[in-house]
Amino acid sequence: QQLESQSQELTDEVYQLNVQMTQEIEKQLRLIEQMNQRIEMQNQQIEKHDQQISDLLQTQQLESLKQNIEINQAINEITRIDQQVETITQKIEQQDQQILQLNQTIQSQDQQIVRNDQQIILLNQQINSLNPYYKPDYSG
């Protein structure tokens with residue numbers, strides 16, 4: 001009887017301990033579940049931030065690429081204008097040379113005209129000396 005009573009008490013104690021342990025485990029499991037939910041929410045936030053960062057980086061890369069393209073286009077335009085300026089400069093230099101040559105030709109022709117005029121004057125003087133009655137007509 002006494003053994004049976006002690007055995008029943010022990011059984012009751014074990015049962016109580018089991019119930020307490022089960023409650024404690026369930027309590028811990030609920031805490032773990034709450035922690036898991038918080039971790040999941042934080043992971044979603046992290047993924048969201050990662051996506052925002054990725055979007056920003058992509059936008060910045062596109063903007064940088066666009067700026068590089070604009071810079072390259074500007075450089076190409078400047079190079080094209082430089083080449084046009086160089087071509088125009090060369091043409092101006094060629095025309096300057098032609099003008100110099102023309103000026104030399106004109107000077108040479110002017111000198112020839114002066115020599116011809118002197119020659120005409122000399123010839124007229126000779127004619128006048130040969131024929132004192134001859135009067136040249138310079139009226140044109």
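## A walk along one helix

Let us start with a pair of side chains: Glu77 forms a salt bridge with Arg80, and their closest N and O atoms are 2.4 Å apart. A salt bridge here is a side-chain nitrogen of Lys or Arg within 4 Å of a carboxyl oxygen of Asp or Glu. The two residues are three apart in helix H1, so about one helical turn separates Glu77 from Arg80. Glu77 counts as partly exposed at 35% relative accessibility, and Arg80 is partly exposed too, at 37%. (Buried means under 20% relative accessible area, exposed over 50%, and partly exposed in between, with a 1.4 Å probe and protein chains only.)

Before going on, please note that this is a predicted model, in which local features need pLDDT of at least 70 and side-chain atom pairs count only at pLDDT 80 or more, while totals for chains, interfaces and linings use all residues. Residues are numbered from 1 along each chain as its sequence is written, and side-chain values use heavy atoms, leaving out hydrogens and water.

The structure holds two salt bridges. Besides the pair above, the side chains of Glu63 and Lys66 meet in one, at 3.8 Å from N to O. These residues also lie three apart in helix H1, about one helical turn. Glu63 is partly exposed, with a relative accessible area of 37%, and Lys66 is partly exposed at 44%.

Now step back to the whole protein. Its secondary structure comes to one helix and zero strands; helices (H or I, at least four residues) and strands (E, at least two) are DSSP runs, numbered from the N terminus. The radius of gyration is 58 Å, well over the 14 Å that the globule rule gives for 140 residues, so the protein is more spread out than a compact globule. That radius is taken over C-alpha atoms, and the rule is 2.2 Å times the number of residues to the power 0.38. The C-alpha atoms fill a box of roughly 190 × 20 × 10 Å along the principal axes. Of the 140 residues, 1% count as buried.

What lies on the surface? Met21, Ile25, Leu29 and Ile32 form a nonpolar patch with about 400 Å² of accessible area together, and Met21 is found in helix H1, residues 2-130. Patches are made of residues with over 30% relative accessible area and no salt bridge, with like charges joined within 9 Å and nonpolar side chains (Val, Leu, Ile, Met, Phe, Trp, Tyr) within 5 Å. Accessible areas come from the Shrake-Rupley method with a 1.4 Å probe; for residues, only the protein chains shown count as cover.
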